[in-house]
Amino acid sequence: MAECHPVGFQWVVEAKERGARVFHVDPRFTRTSALADRHLPIRAGSDIVLLGALINHVLEGGLDFREYVLAYTNAATLVSEDFRDTEDLDGLFSGFDPETRSYDPRSWAYEGTGDQPTGEHVEGGLHHTLAAGPDRYGAGGAAAHPRPRTDPTLTHPRCVYQILKRHFARYTPELVERLCGISRADFADLAEAITANSGRERTTAWVYSVGWTQHTVGAQYIRTASILQLLLGNMGRPGGGILALRGHASIQGSTDIPTLFNILPGYLAMPNAHRHRDLGQYLELEGGDTGFWGHRSSYLVSLLKAWWGDAATEANDYCFGYLPRLTGDHSHYTTVMGQIDGTVKGYFVIGENPAVGSSGGRAQRLGLANLDWLVVRDMTLVETATFWQDGPELATGEQRTEDIGTEVFFLPAASHVEKEGTFTNTQRLLQWREKALDPPGDCRSDLWFYYHLGKLIRQRLTGDETDRPLRDLTWDYPEHGEHREPSAAAVLREINGVGPDGRALSSSTQLRPDGSTRCGCWIYCGVYADEVNHAARRRPGREQTHVAPEWGWAWPANRRILYNRASADPEGRPWSERKAYVWWDAELGEWTGLDVPDFERTKPPDYRPPDAARAEAALSGTDPFIMQSDGKGWLYVPAGLADGPLPAHYEPHESPIRNPLYGRQANPARRTYDRPESPYNPPESPRFPYVLTTYRLTEHHTAGAMSRPLAYLAELQPELFCEVSPRLAAELGLANGGWATIVTTRAVLEARVLVTARVRPLRVQGRVIHQVGLPYHWGWGGGGLVTGDVTNDLLPLVLDPNVYIQEGKAMTCDVRPGRRPRGRAALDLLEMYRRDSSAS
Amino acid sequence: MSRGGWLARWPVIRQLKGQDGRSDAARSARTDALRPRTEAADKVARSICPYCAVGCGQLVYVKDGRVTQIEGDPDSPISRGRLCPKGSASKQLVTHPGRQTQVLYRRPYGTAWERLDLDTAMDMIAERVVRTRRETWQQTHDGMVVRRTLGIAGLGGATLDDEENYLMKKLYTALGAIQVENQARI
Ligand code: SF4
């Protein structure tokens, strides 16, 4: 955090000065470790063992926050008799189909609720095999019965609490020592600290970044932390939570208003051809009727009205049929395979540099070279724009410029100060940027580009039926200045939504399913309340409470902590004075506190829903997790995950050791690409004996397009390096400051050697495991003042099955002293490694 | 500051005489006359750092149509005026000489970039989108209505504004392009 989110880390330091203890779990010693109380070096890819052992510690010792757990989680819920755990099936949950390598989650359901959540199963057949990938669920995830059978004594063998206890029983401090390389004493210190620091009076927070997500079990890493935090009562409370530190200025915004294949704005699922023939079927299947997700018809219809305006009517399903349909995985790496196969003809790359920034860069570049046309918009000539001229495949002789048929358009982009608009930061906060000046030359904002491109496309339409979604599209924004820049404020206002009177809405609770409201993204509804751009609010922090509600605007409803009803006890009183945040004021008959309550303002704690209630009315006054169909925090996930209702430790796809817990070495549901462009290092391969992990440096930004061309930053971090321990350096004859060659089956590259005690060899499974760390900011060009080999070229194309994110944080490699071979010889070396490793 | 003629006020002399060279004795008439660039700005825009998602506040100073300085915004309750090395260097992001300001075009099998004016490039891109969409349109797939094209794909970075993402998703969806992805998955 100190390295990659430095200014955010000032608050951690401040908390430490006030008595907080800070633990840093990371394979490397970094600036964060230097400022933490304890650094626990861990083997990359083993975090579920560590977190699972903490859960086991809590459950065995009865250290959970029982009142919170009973009231706010599904600990007491009974699970179907058909459910079988990984402990019973040697690493598989019940419902696995080895042929399709996917789960049928029906046996994971709550007891006696077999008639739901069956939406995803109504049709059977091929699509059934994609149990719960990202192409399956919007934010609502899967639904569960709002009032399942429970055992409040938590003793029933099939209640979630007991299932958890059995599941995690083998996750012991001994196992942590064996698999993570963390000593029992260090583990005991951590376990004692987090349990002592949780409960009524205190809370513990977990902070993570892509070190947790870029794994074939990435979503389950977060799940494991969720279980721990729910057991300790650390969700929805100040100083608690599981905080994702996101790496880019508006990566949260790109998720909320997604340029992602599987969702529409506000986490509504993209329609699927197999399941959603019409609007009615979509609304029926996409989530439960209880909890706030029960209003999804209002959210979706308002979105369709925002996009297709008067053309969207009740009679035509509000133009639901205009939405294109998914038929499976259409994610980034699958799209690249489509480029290589020739199905994808044209590609827009906007402020992104996949030739350097995506895993397995060679496959990316093969895809780019097989396009008909490519549009790149950026501030400098990034490698993705110039691959045909100077890409590594030209150097090895695999490609020749004259043979590459891709037509390339490079359009220069406006910088962040040359346009206005909002970024959504890591805490869901929308902050409006004022424009300082016009962009130079041909530089334009992406808003300008898409708006004018849309207009030009619309001028070229025919009367054809397939053109109707474009013809009917609402595509008319006020234009300003000599460049005819569309108004970003008008776009933000459309996102916010308007009511029947044409005035800006102030809350998503005003949205209606009858076509009378329009809203481009329901979770952002309220940012333009009263026709005021709340994202532009700038009341200085020192003039406000520490919650600072008048700086920018956080979705939803300017709430700063989600699910904050849980900061009060079931009766609505703060758990303690120290941790008071949101509470029930019985006299006024409403929820109040330091933040906007994440609850219906006047629903009393003793509210109990009538049987036929729907949406939020079906949740009781003690159900804080209002987006869940049962209002509970899910310790156990009865449906909605692709790889199991509970986290289990699997080794990374590429690992030097065998999984001692189960016969299953790696996540059985992980997504692989079994084709020549995507080779893998075999597990436990002596040819690839070292654990490889990648990371960022403070002084650079991702693939480097925004940092390598800057003189200050280039000078601060001029060259790619690999961090190795003194012991590994001695074993391999690597000299500090000299060169090393790093090899996987995908690529061979060279880096300067940094011999440092910051990476420690770990004793794992009774033997020494060396880890090698590489930052990934360099490339061969991109207008960089400094250049270097492309670290991401080393990485495998293997994905988490829930979210299709690549495993970029734990794989294997070999390291050799000296510089890498050039030209054809580099390919020969790779070929030798592939031959050797497949023979072994 | 010490009294006397210009020689006596010369910092070197004052420092040689034993005054502290890290303090007032380092000042000269010239340093006293220096004004911060920020004071002379024609305009200050309130902005946000474009790098990581902490979202530190920035003040962007403009003079004579150029960005002269970018500093942390002390009002921000997130950053309290601070910027890390990247945020502090972001003036260079806007002003560095390697920044491209012209449209470039590489024709199929071409060996060099060519110039193209922006309007022509926009027309050519629009023409290609419409043509590719027609040529690759899928009305049905395995007997089911899909109304889409797999011929056009997009990948966006995560420094795009919310409003930009919105127009992108809106236009792509109306085009029937579904392979729309973002750094957020990478
Ligand atoms: S100044 Fe640094 S910490 Fe702050 S937003 Fe920018 S990159 Fe992040």
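Predicted model: local features only at pLDDT ≥ 70, side-chain atom pairs only at ≥ 80, totals over all residues.
**Ligand site**

Two chains build the site. Chain A contributes P6(A) and V7(A) to the residues around the ligand. From chain B come C49(B), Y51(B), C52(B), G55(B), C56(B), L83(B), C84(B), K86(B) and G87(B). Because residues from chains A and B surround the ligand, the site is shared between chains.

Two helices stand out in this shell. Helix 1 (6-17) of chain A supplies at least two of its residues, and so does helix 4 (85-88) of chain B. By class, the shell has eight nonpolar residues, two polar residues and one charged residue. The ligand takes up a space that is the largest cavity.

**Domains**

Chain A has domain 1 (47-203 + 218-247 + 625-649) and domain 2 (671-839). Chain B has domain 1 (3-33), domain 2 (43-95) and domain 3 (103-185).

| Domain pair | Separation of centres |
|---|---|
| Domain 1 and domain 2 of chain A | 34 Å |
| Domain 1 and domain 3 of chain B | 64 Å |

The chain A pair, with centres 34 Å apart, is in contact through 17 residues from domain 1 of chain A and 12 residues from domain 2 of chain A. The size of an interface is often given as the accessible area lost when the parts come together. Domain 1 and domain 2 of chain A bury about 1100 Å² between them. Of that area, 43% is on carbon and sulfur atoms.

**Backbone features in chain A**

Which peptide bond is cis, from W555(A) to P556(A) or elsewhere, is a point to check on the model: the bond from W555(A) to P556(A) is cis, with omega near -10°. P556(A) is in the loop between strand 16 (553-554) and strand 17 (582-585) of chain A.

D530(A) is not a glycine, yet its phi is positive, near 55°. D530(A) is in the loop between helix 20 (488-496) and strand 16 of chain A.

Notes. Residues numbered from 1 in each chain as written. Chains lettered and ligands numbered in written order. Heavy atoms only, no water. Near = heavy atom within 4 Å. 1 Å grid on protein atoms, 1.4 Å probe; cavity = no way out; pocket = protein on both sides within 12 Å on 5 of 7 lines; lining within 4 Å. Sits in = over half its atoms within 2 Å of the grid points. Helix = DSSP H or I, 4+ residues; strand = E, 2+ residues; numbered from the N terminus. Nonpolar A, V, L, I, M, F, W, Y, C, P; charged D, E, K, R; others polar. Domains from an automatic or database assignment. Contact = heavy atoms within 4.5 Å. Buried area = accessible area lost by both parts, 1.4 Å probe.
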